[in-house]
Amino acid sequence: MIAVPDPVSTAIPEIRTALLAWFDASGRELPWRLGTEGARDPYRVWVAEILLQQTQVARGLHYYDRFLEAFPDVRALAEAPIEAVLKAWEGCGYYARARNLHRAAKAIVQNGFPGDYGGWLALPGVGPYTAAAVASLAFGGACAVNDGNVRRVLARLYGEARPTDAWIQARADALLCPARPGAWNEAVMDLGATVCTPKAPRCAECPLSAHCAALASGTPTSFPAPKVRAAVRTVQAVAVLIGDEREAVLERREGGLLGGLMGLPMLEIGPQQTEATVLKALEVLCARLGARPGELLGQVQHSMTHRQITLHVYAAASDSPGQTVAAAALSRLDHKALGLLRTRQESLFATALTDGSSV
DNA sequence: AACCCGGGGTT
DNA sequence: AACCCAGGGTT
């Protein structure tokens, strides 16, 4: 059987030259791209790659500055309490990233930074993408990354609607420029982020348009086909606020959802609930806390990728001391719940102004 | 391989 | 309202 080379494979030298020339002229300047190409500061690259997992660059920039200011080097990170690490990550989502970053920092302080793909892959929170990224960007390793950008760019270049991870990795490995592996990886990702975008690609500006099978097909956006996603689950929960926005009883969330963060004591009660079952849950929750249930402060809605939460927030009273809210790392959901107190006070104040009564 | 894990941007 | 984002861990 004779293997027929595809049009992209035969044009690999031209493709490398065209994309790297575009990158040298139009690549993004980003704070984790300081220093020599292929020999960047591994700490800065590593933190950036973890932060950018499923997080858009524009959003990551803010957290990156904040995180590096709090933990300028790997020793500072390793020696910090986990609560401080989560506080720096607060609001960024996927909090297992922060916990794994902290764990890995301790290992790095013990053993030093790994110098190759396999060493990075062994660290918690580092998978195939991140290991290849750090190995190429900070150590000059010939490792091709495979992320959402690479997937889209290569699916379009080859006209493959349903690429598997193995398919993408094989093409990425073949295309990788051995002379500039780090720059090549950044170039493909920059192209995917700024030109070969999901919905409205700027094909007229693309340095690879002459080689692109998806563009030739007339419908470049049909590559790759959308991934099927799990349905959003609707759930309700009850939370109690013992204290106020400054001092409140908080519990550490265990398990997967928002794990590691602090939050109001909470009890999930399933998808559709009546007022009676909500009140029953409130009693159960207060019994566990040794607290006396108070009035309804309101409901908050919170949507996550895979969940739509309605949270019924009640005031409660107990003898247990609260803790300083500002010092704890909380999810957006808990910040919304705490915000109910403020809106409620404002509406009471407005009522007092209207009818002349005292608050 | 399928599922879970946040929060927000773009279209 | 989809669809996506510089993915990784668990089952």
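Chain A has an average pLDDT of 94, and 94% of its residues score at least 70; pLDDT is the predictor's confidence in each residue, on a scale from 0 to 100. This is a predicted model, in which local features need pLDDT of at least 70 and side-chain atom pairs count only at pLDDT 80 or more, while totals for chains, interfaces and linings use all residues. Residues are numbered from 1 along each chain as its sequence is written, and chains are lettered from A and ligands numbered from 1 in the order in which they are written. One stretch calls for caution: over residues 349-359 the pLDDT stays under 50, and the model has five contacts for this stretch beyond four places in sequence. Two residues are in contact here if their C-beta atoms, placed from the backbone, lie within 7 Å.

Let us turn to the overall layout. Chain A is divided into domain 1, residues 7-222, and domain 2, residues 233-355; these bounds come from an automatic or database domain assignment. The centres of the two domains, taken over C-alpha atoms, are 38 Å apart. Where they meet, eight residues of domain 1 are in contact with seven residues of domain 2. On the domain 1 side, α6 (82-89) and α7 (96-111) each supply at least two residues, and α6 gives the most, with three. Helices (H or I, at least four residues) and strands (E, at least two) are DSSP runs, numbered from the N terminus. By type, this side of domain 1 has three nonpolar, one polar and four charged residues. In this scheme Ala, Val, Leu, Ile, Met, Phe, Trp, Tyr, Cys and Pro count as nonpolar, Asp, Glu, Lys and Arg as charged, and the others, Gly among them, as polar.

In what order do the four strands of the open sheet stand? The order is β5-β1-β7-β6, with mixed pairing. Two strands pair if DSSP finds at least two bridges between them.

Strand β1 (residues 233-241) runs parallel to β7 (residues 307-317), and nine bridges join them. Within this pair, V235 stands opposite I309, and A239 stands opposite V313. β1 is also joined to β5, in the antiparallel sense, by four bridges; there A237 stands opposite E268. β6 and β7 pair in the antiparallel sense over 10 bridges, and a hairpin of two residues joins them. H302 has I309 of β7 as its bridge partner.

Why is one side of β5 and of β6 left without a neighbour in the sheet? β5 (266-270) and β6 (292-304) stand at the edges and each has a single partner strand, so one side of each has no neighbour there. Helix α14 (residues 275-289) lies across β1, β5, β6 and β7, running at about 50° to β1. For such angles, axes are lines fitted to C-alpha atoms, for helices over the stretch in contact, and angles run from 0 to 180 degrees between N-to-C directions.

Now the DNA. The surface near DNA strand C has 13 nonpolar, 11 polar and four charged residues.

DNA strand B is surrounded by 21 residues, the closest being G93, K199, G256, T305 and S331. The surface near DNA strand B divides into eight nonpolar, 10 polar and three charged residues.

Finally, two details of the backbone. Most residues other than glycine have a negative phi, and most peptide bonds are trans. F223 and P224 are joined by a cis peptide bond, with omega about -15°, and P224 is found in the loop between α13 (213-217) and β1. Q54, a residue other than glycine, has a positive phi near 55°; Q54 is placed in the loop between α3 (42-51) and α4 (57-70).

Key: A residue is near a molecule or strand if its C-beta atom, placed from the backbone, lies within 6 Å of it.
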